[in-house]
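Let's take a walk through a protein model together. Have the sequence and the 3D view open, and follow along as we go.

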Amino acid sequence: MTRTDPLDVPRPDARLHLGVFFQGVNHWTVWSDPASGSQIDPANFRRVAQTAERGLFDAFFLGEGLRLREVDGQIHDLDVAGRPDAITQLAALAAVTERIGLVSTSNTTFNEPADLARRLSGLDLLSEGRAGWNVVTTDNAWTGANFRRGGYLDHADRYRRAEEFLTVARAIWDSWEDAAVSGAADAPAWAAPGVVRQVRHQGPQFDVDLAPTLPRSTQGHPVIFQAGDSGEGRDFAARNADVIFSAHGNDFDDALAFADDLRRRLWAAGRPEDDLRILPGTEIIIGATEEEALEKKRWIRLQQVTPATALGIAGLLWGIDLSGRDADGPLPKEDPVVAENDGSFGARRIADPRQVVAEWREKADANRWSLRETVIALGPQRGHVGTPAGLADKFAHFVWHDAVDGFNVTPYLIPDGLDDIVDLLVPALQERGVYRTGYTGATLRAHLDLREPLTHRTTTDRRRTG
Ligand SMILES: Cc1cc2nc3c(=O)[nH]c(=O)nc-3n(C[C@H](O)[C@H](O)[C@H](O)COP(=O)(O)O)c2cc1C
């Protein structure tokens, strides 16, 4: 469904929110261009965060990868590696930025709430209310092996643990009254007696008894993000999250269907339908003309999908080691091998490889594509391509018609990949009135126009739709 009637714009006052997702383990970040810099150098983290802040972004966002991906016992050759611990990195960035939100992806499967809640609180206090937590349950057996807990919890139990984790984290964050510390030099006590509540929790996952050490931040507690696409993941977000980081932002109809699904789940969870911000991850490629943008996209795809990368991606689909084959030749003749455990850890799993390979063969034959051309054309698709004006019109349409609240942008080049977005796209968005012209708040919660944290509301507030 595309709602194009300009008289029927459901949200004419809505504003686009932008985040930047600094990826660390992937093949989408071009490393072979002379302009590409280190993925690890702290100066590059600073550069990206400060550019995003210049562009009035809501947030700088980091994923979590606790080990390098593997295929058949080998380090996955597609990866550009280098992710220092997110909270540590964001704490450093808090010191060199003023307004931008700082979001850490941290899993609930292998952490403990008393420790993680405290570390996230620390980031929230140091950044003066700019912290966010992207709650993920993470790939289990593969990441779990780090902790001698491979295969520790099945999918549903991971979400049960995440829910209980968040309950405990919130109790910790809410244990101090707002004005717990008097701050006055002549006060009778540093903190009034009884203002810090003991947190006692006993449940299937956690047994906690502690007096938390940190007060609330200016935004109450870190903003809760969630990234997980299953039904359980979406329900978890509908019950708990302020923002969902989705993979549904390339196509308008797909984005709208996802947003409508989320709104139904929010309503069922007793929350207003506009209580959750939807920010899909996306790549944005900008050119002065449409042709130039498409030409740039072709160049970027060739840089991203090198011959070795094409063989790696196709190898995951076929379930066979294709290294040493000719990526510029035809598709492999073999049928794909479908195995219960395909030996790939952390790499993409494909639901029905036989069907996908059949589709690839048909299209490659029809277009006379090589294997590499096929991977580029039919492999994972991402992003938006166009002129600043064309993209601004398109994004305004997405936002005003309720399909997304914004995008979490993944630059294809580090450290300068955000520059043309900030210098060219942001002004075009501002001209259309769909993007802020200055920060109006100081906290991440304020940038995202969020209500107070869920636990700070009354039952009636939770139902309110205004
Ligand atoms: C857009 C997106 C980004 C994600 N980023 C991460 C990440 O950085 N680290 C991680 O461990 N998991 C990440 N995940 C996966 C989560 O671990 C998620 O909990 C996992 O996919 C299982 O949930 P699901 O079956 O609901 O998708 C991401 C998922 C999505 C959809």
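This is a predicted model: local features need pLDDT of at least 70, side-chain atom pairs count only at pLDDT 80 or more; totals for chains, interfaces and linings use all residues.

**The barrel**

Start with the strands. Eight of them form a closed barrel, in the order β1-β2-β5-β6-β9-β10-β11-β15, and the pairing is parallel. From one strand to the next, the twist averages 30 degrees.

Now zoom in on one pair. Strand β1 covers residues 17–22 and strand β2 covers residues 59–62; the two run parallel and are joined by four bridges.

**Helices against the strands**

Helix α2, residues 86–94, packs on the sheet and touches both β2 and β5 (101–107). Its direction makes about 170 degrees with that of β5. Helix α5, residues 155–173, lies across β6 (131–136) and β9 (223–226). Helix α5 runs at about 155 degrees to β6.

**Around the ligand**

Which residues are closest to the ligand? They are E64, T138, H155, Y159 and S230, out of 14 residues that surround the ligand. By type, the shell divides into four nonpolar, eight polar and two charged residues.

| Side chain | Distance to a ligand oxygen atom |
|---|---|
| T138 | 2.6 Å |
| H155 | 2.6 Å |
| S230 | 2.5 Å |

How much of the ligand does the protein bury? Taken alone, the ligand exposes 610 Å², and the protein buries 76% of that.

**Two backbone spots**

Last stop: a couple of loops. The peptide bond from I414 to P415 is cis, with omega near 10 degrees. You'll find P415 in the loop between β15 (406–409) and α13 (419–431).

The other spot is E128, which has a positive phi of about 55 degrees even though E128 isn't a glycine. Look for E128 in the loop between α3 (113–126) and β6.

Technical notes. Residues are numbered from 1 along each chain as its sequence is written. Side-chain values use heavy atoms; hydrogens and water are left out. Two strands pair if DSSP finds at least two bridges between them. Axes are lines fitted to C-alpha atoms, for helices over the stretch in contact, and angles run from 0 to 180 degrees between N-to-C directions. Contact means heavy atoms within 4.5 Å. A residue is near a molecule or strand if one of its heavy atoms lies within 4 Å of it. A polar contact is a pair of N or O atoms within 3.5 Å; within protein, one must be able to donate a hydrogen and the other to accept it, and residues adjacent in sequence count only if both atoms are side-chain atoms. Accessible areas come from the Shrake-Rupley method with a 1.4 Å probe; for residues, only the protein chains shown count as cover. Ala, Val, Leu, Ile, Met, Phe, Trp, Tyr, Cys and Pro count as nonpolar, Asp, Glu, Lys and Arg as charged, and the others, Gly among them, as polar.
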